[in-house]
Amino acid sequence: MNFDAIPADRLPALLQRMPKAELHIHIEGSLEPELIFALAERNGVTLALDSVEALRAAYAFTDLQSFLDIYYAGASVLLTEQDFHDMAMAYFRRAAADHVVHAELFFDPQTHTERGVPFETVVRGLKRACEDAERELGVSALLILCFLRHLSEEAAFETLAQALPHRDAIAGIGLDSSERGHPPEKFARVFARCRELGFRLVAHAGEEGPPAYVWSALDTLHVERIDHGVRSIDDPALMARLARDGVPLTVCPLSNLKLCVVSSLSEHPLPALLAAGLRATINSDDPAYFGGYLNRNFTETFAALPQLGAAEAYRLARNSLEASFVAPERQAAWVAALDRCFAEAGA
Ligand code: HPA
Ligand SMILES: [Zn+2]
């Protein structure tokens, strides 16, 4: 493909139109303030702030923890199966508009079971939304259950036991929440059990935490993808390892900006990760909180980084499709659609 044949002014439209997968989206992080207030009213929940505007104004974060405190408070309005369904459908409609053909949704059951919401309420609502998304919107979807790393390994084992009756609805297991002070090896035994059970494995590592956490996610948890992983840039031996093994990184540029992981998008390490041969992808993380869904992550990142052009757009989209947990034949059909999209744009 001749990427140089695509004029620079056609790139923003191409970024939006190209078929892509989203592999790092916390579904609770797609809860827009308007939906938080609608669900609060529907469920009779009282919120600390009294308007959509006041809530949005509180979205000024200094680090990961300052975000998580607000994110868990927002999730407190979710009580019924229908709430979880409606939240996920709102995300799927936005994703379809961004030409997302496949999404792998993280969900945090412990955030809900700790408040007395049954595990099956969460998973049934999300599962039904995944089925509706495929049928009504043509968006394929999988669910990834995340353990909260600020809680104990014992609590993770309890959550795993609750998940087992729903084994078929859950494709993978991940690890999220407060990273610093909670290294991956804290969850070595529960991840080993998940691996025996045949779950696909991922973990957040190297977002705020050091490169050592990425090594540990690879070597003690045996994950297949690293969520974030941007701090790998500080460790040349780790960069070589990630490149050699083709480990996908689910990078989230607007999240990194809003949580002060980078001081500006123009300093984001994404171009360096790609240049070093790493299988990076672009994702939205918590789009309702970080100022944009998937296409906005693409367009703002490309606008800030002149090193990124049509070749990198193709590589990022292709990486996302090929790093997904769907069968190779399905991936190949999406890659063929991606190739057609670039051919039509003149490549
Ligand atoms: O970016 C994140 N990092 C860790 N935990 C999270 N939970 C939601 N979003 C995040
Ligand atoms: Zn995340």
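Colleague: Which residue does UniProt list for "binding site"?

Modeller: The unreviewed UniProt entry lists Asp286 for "binding site". Please keep in mind that the structure shown is a predicted model.

Colleague: Where does Asp286 lie?

Modeller: Asp286 lies in the loop between β8 (279-282) and α14 (287-290).

Colleague: Is Asp286 buried or exposed, and why?

Modeller: Asp286 is buried, because 25 other C-beta atoms lie within 10 Å, and a residue counts as buried at 20 or more.

Colleague: Which residues is Asp286 in contact with?

Modeller: Leaving aside neighbours within four places in sequence, Asp286 is in contact with His26, Gly29, Tyr71 and Ser255.

Colleague: And which residues are around ligand 1?

Modeller: Among them are Asp286, His26, Gly29, Tyr71 and Ser255. The list also includes Leu64, Asp176, Ser177 and His204.

Colleague: How does that shell divide into nonpolar, polar and charged residues?

Modeller: The shell around ligand 1 has two nonpolar, five polar and four charged residues.

Colleague: Back to His26. What stands opposite His26?

Modeller: His26 stands opposite Phe106 in β2. Strand β1 (residues 20-26) is joined to strand β2 (residues 100-107) by five bridges, and the two run parallel.

Colleague: Why is β1 described as largely enclosed?

Modeller: Seven of the seven residues of β1 are buried, so the rest of the structure largely encloses this strand.

Colleague: A new topic: where is Val52 found?

Modeller: Val52 is found in helix α3 (residues 52-57). Val52 is partly exposed, with 15 other C-beta atoms within 10 Å.

Colleague: Which residues does Val52 touch?

Modeller: Not counting residues up to four places away in sequence, Val52 touches Pro33, Glu34 and Phe37.

Notes. Residues are numbered from 1 along each chain as its sequence is written. Chains are lettered from A and ligands numbered from 1 in the order in which they are written. This is a predicted model: local features need pLDDT of at least 70, side-chain atom pairs count only at pLDDT 80 or more; totals for chains, interfaces and linings use all residues. A residue is near a molecule or strand if its C-beta atom, placed from the backbone, lies within 6 Å of it. Ala, Val, Leu, Ile, Met, Phe, Trp, Tyr, Cys and Pro count as nonpolar, Asp, Glu, Lys and Arg as charged, and the others, Gly among them, as polar. Helices (H or I, at least four residues) and strands (E, at least two) are DSSP runs, numbered from the N terminus. A residue is buried if 20 or more other C-beta atoms lie within 10 Å of its own, exposed if 12 or fewer, and partly exposed in between; C-beta atoms are placed from the backbone. Two residues are in contact if their C-beta atoms, placed from the backbone, lie within 7 Å. Two strands pair if DSSP finds at least two bridges between them. UniProt positions are given in the numbering used here, feature names are shortened, and annotations may be inferred rather than shown by experiment.
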